[in-house]
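User: I would like to know how the labels used for this structure follow from the numbers. Please go through a few of them with me.

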Amino acid sequence: MTSRRVLCGWVNFDERVASHDALHAMLAAEGLSSADMQVQASDAGMLATSHPACSTATDLGAGCLAAVLGRPRWADASLAARARAEGVAAAALAAYRDGGEASLGRLQGNFAIVLIDMRQRRALLAIDRTGTERLCFAQVGATLVFSTSARAVAKHPLVSAPIDRQALFEYLYCHMVPSPDTAFTGITKLLPAQCASFDGRNAVRNFHWQLAYDASAAGDEAALRKRFLDLTEQAVARQADDGRPTGAFLSGGTDSSTVSGMLGKVSGKPAETFSIGFDAQGFDELEFARITSRHFGTNAHEYYVTADDVVEAMPLIAAAYDEPFGNASAAPTYFCARMAREHGIEVVLAGDGGDEFFGGNERYAKQGVFEHYHRVPPVLRNLLEPVVMHFPLGASIMPVRKARSYIEQARVPLPDRMETYNFLHRSPLQDIFEPEFLSAIDTNRPLELAREAYFRCASPEPIERMMHLDHKITLADNDLRKVTRMCEAAGVEVRFPFLDDDLVAFSGQLKPEQKVRKGRLRVLFKDALRGFLPDETISKSKHGFGLPFGLWLNAHAPLKALAEDALASLGQRGIVKPAYLAYLRREHASGHASYYGVMIWVLVELELWLQANA
């Protein structure tokens, strides 16, 4: 039995293309063999699934087979009963026979699903509403190759995809490769709540769900606060309901503290909680975790991450991900998950999702300030702007200088304005990248992807559109990938109560001002938790899982050597100019260690990933 959660295979309705050699190549890319998997072969193709993470089913009479990864559930009682009796894949097949692609709307929870209908010559791929799971695919003629890993798809002999230079630029811009793109040419991945239907000629994408926004019948504030608490308790109970040893990540913020407290409440015993600290000023937040632990009486477990741990983690991260991944908090996440596994925990609950659905990111308030400018009548703006922007000696007068900066930023429309502080905007791109590399890429692609997600939102409100964008970019493309893959590498399963479908749907029933109001974040969320969480937790400013990599890089010789070797190697690849890498090292050493350490981490991880996936 493997702890990996992998689904892969291919389909061709015109000719049998099932090949064990091709399957071995895909699995080998993920460090697996067919002995680790359940394999189903048919005239239309082949499916391989890891056990017990996946459920499979075959209906010979209907000519259908299915594979489902994850923990889906049905509100429909008959389908729920069938899932309990025969497995979730059998229930998915039954739903598909009744409703076709529309059956996906009845499926909740986290899932990646592949349905192959040989009689109707149709294959259906889909992932869950929040993007907790993933599926990647490539079409080669009449064959569709798919997997939860882009790297596995790339290794199929029919695909043999090279690393995509466009994706490398997107990685350096976003610190991960944003969907639908992948690190490999010709391979794409599904967005949250997206499906792809393949008929042997074309793979057509659709969304099987979209968050509805309607606060018209939400009720009064007291009723909403109670509803939120009830749904949160229900969500935690759903994720801790199978009897396996379960714990919770505890950073000391509102999300992880809420999950930890609710876990103790629904289990009827002190929760096992796991927290990470850093012996570096301004980075260690263990005291906040201890406040929550004392408040709820959890069995607290702590681990201090060291620079030596980071030296161990950096190549591990590069090898673990199927695409380059530059979020440095993957390292503490791995050691926290490993600590949980060492204490006998099989399932860990995480607090991700609260920010993106209830208004918790600081940029929502900041960008709201700039949006006020667009409420000023255009006639008045046209009179005001020339006065401010051309005021004599305005650059030396503080109020005028601030007004200029405000206007300059407010002029940039959302969502582009959210990227004005992006690291790649600090220097001209021609100073960062080699000319040949730069000439072959579309530098606007990251912003185009952001605009698509921003304007696809069903709400016209900027706050909710920003949250919708963050659902896709920050949550699905980044944070969920970080936590799920690092937990998997440590040998535990992670679940996300705040991504419960009922809780997410509830967030759409809140007014924008119940999420962000006058600079205050997560208004109803925090009001509902007063009396449940410690007051210090409610009032705590947002920090995150920051890693003092930049500080340690100056002081720890093995870490510095690892980084220097990686940057020197990267400088020979024709991507980033060696002069720019030297500039980053100089700036990092000159007193801006934490700031420039972020980009150095991203570049080092890129080189380590390229070495692991050459």
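User: What makes helix 9 and helix 23 roughly parallel?

Analyst: In this predicted model, local features need pLDDT of at least 70, side-chain atom pairs count only at pLDDT 80 or more, and totals for chains, interfaces and linings use all residues. Residues are numbered from 1 along each chain as its sequence is written, and side-chain values use heavy atoms, with hydrogens and water left out. The axes of helix 9 and helix 23 (residues 557–570) cross at roughly 25° and come within 8 Å. Angles under 35 degrees count as roughly parallel, so the two helices get that label.

User: Which residues meet there?

Analyst: Contact means heavy atoms within 4.5 Å. From helix 9, Val310, Val311, Met314 and Pro315 meet Pro558, Leu559 and Leu562 of helix 23. By class, this contact has seven nonpolar, no polar and no charged residues; Ala, Val, Leu, Ile, Met, Phe, Trp, Tyr, Cys and Pro count as nonpolar.

User: How do you know that the length of helix 9 agrees with its residue count?

Analyst: The expected span is 1.5 Å times one less than the number of residues. For the 14 residues of helix 9 (residues 307–320) that gives 20 Å, and the end C-alpha atoms are 20 Å apart, so the two agree.

User: Why is Glu607 called buried?

Analyst: Buried means under 20% relative accessible area (1.4 Å probe, protein chains only). Glu607 has 0% relative accessibility, so Glu607 counts as buried. Glu607 lies in helix 25 (residues 593–612) and touches Ala566, Ser569, Leu570 and Arg573, not counting residues up to four places away in sequence.

Definitions and conventions. Helix = DSSP H or I, 4+ residues; strand = E, 2+ residues; numbered from the N terminus. Axes fitted to C-alpha atoms, helices over the stretch in contact; angles between N-to-C directions. Parallel < 35°, antiparallel > 145°, perpendicular 65-115°, else oblique. Buried < 20%, exposed > 50% of the residue type's maximum accessible area, 1.4 Å probe, protein only.
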